[in-house]
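Colleague: I have a model open and want to learn to read it. Can we go feature by feature?

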There are 2 protein chains.
Amino acid sequence: MAQVPQQIKVAVDAVVFGYENQQLFVLLIKQRYGQLKDRWALPGGFVLNKETLKSAVNRELKEETGVSTSYLEQLYTFGDDVERDPRAHVVSVSYFGLVRPSSMRLRPTGDAKDAKWFKLSHKPDLAFDHNKIVQIAHQRLQAKLHYRPIGFQLLKSTFPFSDLENLYSTILGHDIDRRNFRKRMLTLGIVEETDKKVSIGRGRPANLFKFNKSNYTRLEKSGTILNLYLA
Amino acid sequence: MAQVPQQIKVAVDAVVFGYENQQLFVLLIKQRYGQLKDRWALPGGFVLNKETLKSAVNRELKEETGVSTSYLEQLYTFGDDVERDPRAHVVSVSYFGLVRPSSMRLRPTGDAKDAKWFKLSHKPDLAFDHNKIVQIAHQRLQAKLHYRPIGFQLLKSTFPFSDLENLYSTILGHDIDRRNFRKRMLTLGIVEETDKKVSIGRGRPANLFKFNKSNYTRLEKSGTILNLYLA
DNA sequence: GCCATATTGTGTCAATATTACGCAATATAC
DNA sequence: GTATATTGCGTAATATTGACACAATATGGC
């Protein structure tokens with residue numbers, strides 16, 4: 001048993017991605033206090049006593065940015081070089097989330113002087129070890145897109161197929177074959193057609209599609225592993 | 001910033017798997033102290049100040065069981081229902097490790113009254129939320145076997161091909177085609193033949209093979225994702 | 001010593017999955 | 001009404017996966 005009282009503090013951080021207009025965004029806050037005042041960083045903070053980790057993330061996100069995510073999962077726990085408070089060792093549990101930026105109004109309060117969506121490709125240099133965390137989250141997002149239907153969290157509930165295609169090619173960073181992609185999604189049955197159409201500018205109007213959740217759940221239960229790798 | 005001093009304690013736990021003789025084992029300790037005295041549990045304990053998480057796991061494993069793993073990665077961080085110490089909220093960072101049981105002598109000391117390898121299929125009911133953690137670790141092991149060469153950590157540096165086959169079919173819980181499996185491993189180039197042979201009991205003597213690490217590293221860098229799913 | 005037995009080592013073919021690719025349909029912009 | 005942009009589909013070539021059987025080589029038992 002520990003003889004010396006433990007001085008370690010537990011914090012949470014969230015890497016929240018948004019997507020819009022063929023651009024991937026990450027949600028950042030500007031620090032109001034501390035040595036790293038005015039530096040951009042991930043939303044997050046210390047966990048309260050008797051609070052679960054996940055509710056701590058949700059609370060901090062709400063407080064610092066006004067956002068609540070539509071998807072949130074644990075990413076990794078960093079317990080090494082984090083030195084938030086010079087007097088104490090900090091263990092920080094990071095989370096990875098998704099939300100549609102346009103569905104949320106940003107309201108920075110508390111520790112956050114500002115909150116903003118940055119294009120991932122143009123994000124500022126971050127405080128602490130947050131650059132590394134963002135990078136890991138980005139890799140996780142890319143990997144997971146291939147075998148979990150998390151991309152739908154970044155679109156409206158119905159969408160033209162081209163939106164889904166663009167989301168995938170933007171996040172994965174390479175073109176995908178439109179026809180094969182559509183075939184895969186429809187054959188697997190995770191995307192289904194609605195009877196609505198939209199016409200945006202020129203071109204043939206697009207049918208609107210939606211994520212078929214019940215079908216996906218069935219697949220998942222049957223042990224099927226999605227394979228959405230496409231050339 | 002937190003007004004009330006944080007009372008949360010940080011612990012680590014390790015799920016260490018071993019393999020021998022077509023059996024998968026998990027390393028457990030019997031608690032010496034506490035309310036749950038004499039219950040079997042995962043090795044682990046509180047993190048010391050200024051200690052990294054990984055070194056805390058290694059230290060606890062060494063102290064409680066005498067084992068040092070040949071593979072260790074972070075698994076998941078539990079921050080909810082763990083109530084190790086009734087006065088404090090505990091966040092426990094779990095790790096997942098591999099080692100050959102026969103390469104280690106078990107030496108329980110400190111918090112552990114005993115340390116033992118249990119067949120995973122016959123493990124006792126564990127203290128805390130450790131049953132759940134073992135289950136998650138097992139799933140991770142099964143999943144990761146398909147796309148990372150971690151199985152080799154459970155075999156000697158050279159081995160007959162049948163050992164590798166048995167390891168896979170044991171851990172995955174289903175038969176695999178001997179010929180297709182061998183073809184895949186050799187074609188990918190992650191396993192190579194040595195010039196040694198062994199003869200064990202009857203039957204044609206087996207060539208000894210070894211993991212081709214440099215080849216695997218090259219594959220990994222080139223972005224190739226192993227696919228070892230086999231019917 | 002010889003034969004029964006057990007285990008290793010290898011190749012082919014069919015079924016399935018992936019990839020590449022082009023053209024017709026339908027709307028808007030001018 | 002014509003040019004243009006975008007959606008919606010189908011097919012052939014190729015690559016991968018999966019099923020399957022028999023020869024080779026040792027030991028164990030008599």
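Colleague: Which residue just after α1(B) takes a positive phi?

Modeller: First, a caution: this is a predicted model. The residue is B:G66, with a phi of about 85°.

Colleague: What should I check about the helix itself, α1(B), in terms of span?

Modeller: Compare the expected span with the distance between the end C-alpha atoms. Helix α1 of chain B covers residues 53-65, which is 13 residues. At 1.5 Å a residue, the helix should span 18 Å, and its end C-alpha atoms are 18 Å apart, so the two agree.

Colleague: Which residues of α1(B) are buried?

Modeller: Buried means under 20% relative accessible area. In α1(B) the buried residues are B:L53, B:A56, B:V57, B:R59, B:E60, B:L61, B:E64 and B:T65. Note that charged side chains are on that list, including B:R59 and B:E60.

Colleague: Now helix packing. At what angle do α3(A) and α4(A) pack?

Modeller: Read the angle, then the axis distance. Helix α3 (residues 161-172) and helix α4 (residues 178-188) of chain A pack at about 105°, with axes 11 Å apart. Angles of 65 to 115 degrees count as roughly perpendicular, and α3(A) and α4(A) are therefore roughly perpendicular to each other.

Colleague: Which residues meet there?

Modeller: From α3(A) come A:F161, A:L164, A:E165 and A:Y168. From α4(A) come A:R178, A:F181, A:R182, A:M185 and A:L186. By class, the contact has six nonpolar, three charged and no polar residues.

Colleague: Last one. How are the two chains related?

Modeller: Superpose one copy on the other and read the rotation and the shift. A rotation of 180° with 0.0 Å of shift along its axis places chain B on chain A, at an RMSD of 0.0 Å. The copies are thus related as by a two-fold rotation axis. Also, 97% of the interface residues of chain B are interface residues in chain A, so the copies meet through the same surface.

Definitions and conventions. Residues numbered from 1 in each chain as written. Chains lettered and ligands numbered in written order. Predicted model: local features only at pLDDT ≥ 70, side-chain atom pairs only at ≥ 80, totals over all residues. Heavy atoms only, no water. Axes fitted to C-alpha atoms, helices over the stretch in contact; angles between N-to-C directions. Helix = DSSP H or I, 4+ residues; strand = E, 2+ residues; numbered from the N terminus. Parallel < 35°, antiparallel > 145°, perpendicular 65-115°, else oblique. Contact = heavy atoms within 4.5 Å. Least-squares fit on C-alpha atoms with pLDDT ≥ 70 in both. Expected span 1.5 Å × (residues − 1). Buried < 20%, exposed > 50% of the residue type's maximum accessible area, 1.4 Å probe, protein only.
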